[in-house]
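Please look at the sequence and the structure shown below before reading on.

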Amino acid sequence: MKQTKSASAEQTRLDDANAGRARWRAWGPYVSERAWGTVREDYSANGDAWNYFPHDHARSRAYRWSEDGLAGFCDEQQRICFALALWNGRDPILKERAFGLTGAEGNHGEDVKEYYYYLDATPTHSYMKYLYKYPHAEYPYAQLIAENKRRSKLEPEYELIDTGIFDESRYFDVFVEYAKASPEDILIQITAHNRGPDAARLDILPTLWFRNMWSWDAENEKPELVLSNRVTPFVELHHTDLGTRYFYFKDTLGTPDVLFTENDTNTERLYGQPNASPYVKDAFHNYIVRGQKDVVNPAQRGTKAAPHYSLEIGGGESARIRLRLTNAKLAEPFGAEFDAVFNARKSEADEFYATVIPATLTDDEKLVMRQALAGMLWSKQYYHYNVRRWLEGDPTQPPPPASRWHGRNSGWQHLYNADVISMPDKWEFPWYASWDLAFHCVALALVDLQFAKDQLFLVLREWYTSPTGQIPAYEWDFNDVNPPVHAWAAQRIFEYEYLKTGKGDRAWLEKVFQQLLLNFTWWVNRKDAEANNLFQGGFLGLDNIGLFDRNMKMPDGFVLEQSDGTSWMAMFCVRMLALALGLARENPVYQHMATKFVDHALLIAGAMNNETAASLWSEQDGFFYDHLRRPDGSHIQIPTRTMVGLIPLFAVLAAPVNLFANFPEFLERLQWFGKHRPDLADKVTVRSPAQSDAASQRHAMISIVHPEQLRRLLAYMLDENEFLSPYGLRAVSKIYKHPLVVDVQGYHWELDYAPGESTTNLFGGNSNWRGPIWMPLNYLIIESLEVYQRHFGDTFKVECPTGSGKLMTLGEVADELSQRLARIFTRDENGRRAVFGAYEIMQTDPHWRDCILFHEYFHGDNGSGRGASHQTGWSGLIAKVLQQIGDARAGAIDVNAMLQEIYRSV
């Protein structure tokens, strides 16, 4: 995979950006899909973010910390923003942002009720393509709220498409495309296709505005937009930091009116208080929808502006609008160069992805992989949150309730975030989640290694990570504990870069390693309550997977000792061990760190597998379980077959024995364990092929799972009546379609198999780990099987599926699971995609069937998309899965030779 050909034009732009020669990432899709209902905008006493700033306020109320919009684009500090606004002549609200239900309104929690797609993107955002499907009929706000409120947890969500609003194709496909002529010269093209049989009205307002920074701090100078050159009009932007810029709009559809107002709160509408200016944030809504012509500034100046195109588009016809935002005054902004730039950037995007997407993939697989990566690149967002300032309030505003100093995030006053960050989903989760981000980075490395490395390191920096060493979870509660997967991601990115470029970034690896030492220490000090190498952590990102809320306070004297918490820490150890060895070649001091982490990994393995009642392994059942430790030291086993019991598979490291020849102190420590701790030494195994004892063919493996335990775990995992679905691995065994009922210490608990949405209110009910397929853990299982294959080779085979009589090596099992995950998105023999479920229009209509959504999770039986609909974040890992499928088709990579080269050359 080492690059030998000349770099593509897009790769050259990336190289220039990384070297500081050109700021190609300075502008991008960094506007959120939703800023209302977020923690940052919540100044209530009770922390009710959804009700403090509801959707109904969003059109009228200036945001404090962020901006949102359709197909939004802005500078890297979100000072100048651009997005789309639409009106079909019927809607009660100007469509400036995506609508969805709040956590309380949805029968399965918050959920966006729109159809928009991230179709294409390059990592420098030199070319971007977005699609929004806008119905001709009035948007059914009230119907969606009422019907979802009526439905129970046992019923599916009521979606926009269920209303029939897209019947007879009576809607517009509105495409928004961006192309950069230079880092500061952004060309914009909006194309609206009427897919229906009859002519229909469409008002388009390409909207430009400044994020409101002046209302919160009098020292921030207010910028201005002003109409210039009335013969060939354009908007001139004046900003203290960004200087003068120009916004051009093509008038081939007729000279549009240009509307101006201020991005200031309409206090009269919201609070009954007079407005400081008659021109406020919702002026365009009032002008277009309500016909109030005096609400826009006749002087044609302000902080929010939009040319207004009122169109009648015939059935089957389209209209195109061209715009340009640049730092240069242009005589011919829409000459032949405009189309030439767009055509060049599209061609260069194709050229770039030809170097990323394996040629061995089918055309359909290539489409899925490219849209997955496009979704990840579109999901970048400028995220701003200064916790101390948020608690204090702003000097120009009333002081917030004093109770907030003892409420949400009050212990994170060091946290100051003002960065472009990869989001899980810019509508449902418009805030970073630290463990999600690690998975994002592994997939993003395929297209932008530097951005992936920067993102992974960013969340470990001192203005993110607590002085205690805790990594912030997410804005709803930074104190929540997520699995420690960042060392794994660092190893994966380091090795991928070496494989791709022939060199690894040791300086970056060392920075990450040092920061992760702080986090590791936090885990050991805070989450091993009994100092017995059995760890807690609460729900650990798996929401409702347990019999009960694992975040709840245990009864006095009880401690929950978790299979997943302990296994994640064992995985943390073996990944830090790998990183330490990667650094030890140049700096022998890191051998001491390697021995520290192998010690700790073996101690954890011993604690999980001891011969007392404290063991998390059930010899009777052949599975790992959580335990409740009673005050008297005895244990209550929690016998549930869930992904929690499979996570021990992740704590594995295998490599050729002669790789360790460069690390004598490390080998000496392993030998010490063999002599003095034989009870732990069996956690390190060395295998030699029967036909040879050559050192180059001998492999060492560190694992908390014994070979016989591995067989028993895989028998469950590969059973189609348990975990194995046609589309991957379920998070909970299917056997619980007959619910498990447990009564312990006066508590009554039940665990049921729910393959789709959650049937309980546990963790709000908006995510479900009781049966669906989740991409990140499936990916880690695939990778772990590949590591076991590296150690055992073809000598270790298991039935797949269990009971089928078909034997597979662990590598073949990994391949089988990869193919099943890919089947979620790719067309089957009937041309249908599992992710679309039963929606016929999505399966067969040419304007829908190749527009892919990458959901939060997937139905455990039929693979249909569930949960957040745009969580390309970690579901974007399907791009990595497809890349590996393609590479395997091209010919097996010698992983052992690669590891030898990496760790010898570092």
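Predicted model: local features only at pLDDT ≥ 70, side-chain atom pairs only at ≥ 80, totals over all residues.

## Packing of helices α19 and α20

Helix α19, which spans residues 775–792, packs with helix α20, which spans residues 810–822, at an angle of about 160 degrees, and their axes are 7 Å apart. Since angles over 145 degrees count as roughly antiparallel, α19 and α20 are therefore roughly antiparallel to each other. The crossing of these two helices, α19 and α20, is left-handed.

On the α19 side, the contact is made by Met 775, Asn 778, Ile 781, Ile 782, Leu 785, Glu 786, Tyr 788, Gln 789 and Phe 792. On the α20 side, Leu 810, Gly 811, Val 813, Ala 814, Leu 817, Ser 818 and Leu 821 take part.

Side chains of opposite charge can pair when their charged atoms come close. With a salt bridge taken as a side-chain nitrogen of Lys or Arg within 4 Å of a carboxyl oxygen of Asp or Glu, the count comes to 67 salt bridges.

One of these salt bridges joins Asp 339 to Arg 320, where the closest N and O atoms are 3.5 Å apart. Asp 339 lies in helix α7 (residues 336–354) and Arg 320 in strand β17 (residues 318–326), so this pair ties together parts that are 19 residues apart in sequence. Asp 339 is partly exposed, with a relative accessible area of 30%, and Arg 320 is also partly exposed, with a relative accessible area of 35%.

Asp 339 also meets the side chain of Arg 322 in a salt bridge, at 3.8 Å from N to O. Because Arg 322 lies in strand β17 while Asp 339 lies in helix α7, this pair ties together parts that are 17 residues apart in sequence. Arg 322 counts as buried, at 12% relative accessibility, because the cut-off for buried is under 20%.

Glu 816 lies in helix α20 and forms a salt bridge with Arg 823, the closest N and O atoms being 3.9 Å apart. Glu 816 is buried, with a relative accessible area of 19%, whereas Arg 823 is partly exposed, with a relative accessible area of 38%. Elsewhere, salt bridges that share partners join Glu 10, Arg 13, Arg 345 and Glu 348 into one network.

## The surroundings of Arg 388

Arg 388 lies in helix α9, which covers residues 387–392, and Arg 388 is partly exposed, with a relative accessible area of 38%. When its neighbours within four places in sequence are left aside, Arg 388 is in contact with Trp 405 and Gln 413. Arg 388 and Asn 409 are 21 residues apart in sequence, and their C-alpha atoms are 9.4 Å apart in space.

Methods
Residues numbered from 1 in each chain as written. Heavy atoms only, no water. Axes fitted to C-alpha atoms, helices over the stretch in contact; angles between N-to-C directions. Helix = DSSP H or I, 4+ residues; strand = E, 2+ residues; numbered from the N terminus. Parallel < 35°, antiparallel > 145°, perpendicular 65-115°, else oblique. Left-handed = near helix turned anticlockwise from the far one by under 90°. Contact = heavy atoms within 4.5 Å. Buried < 20%, exposed > 50% of the residue type's maximum accessible area, 1.4 Å probe, protein only.
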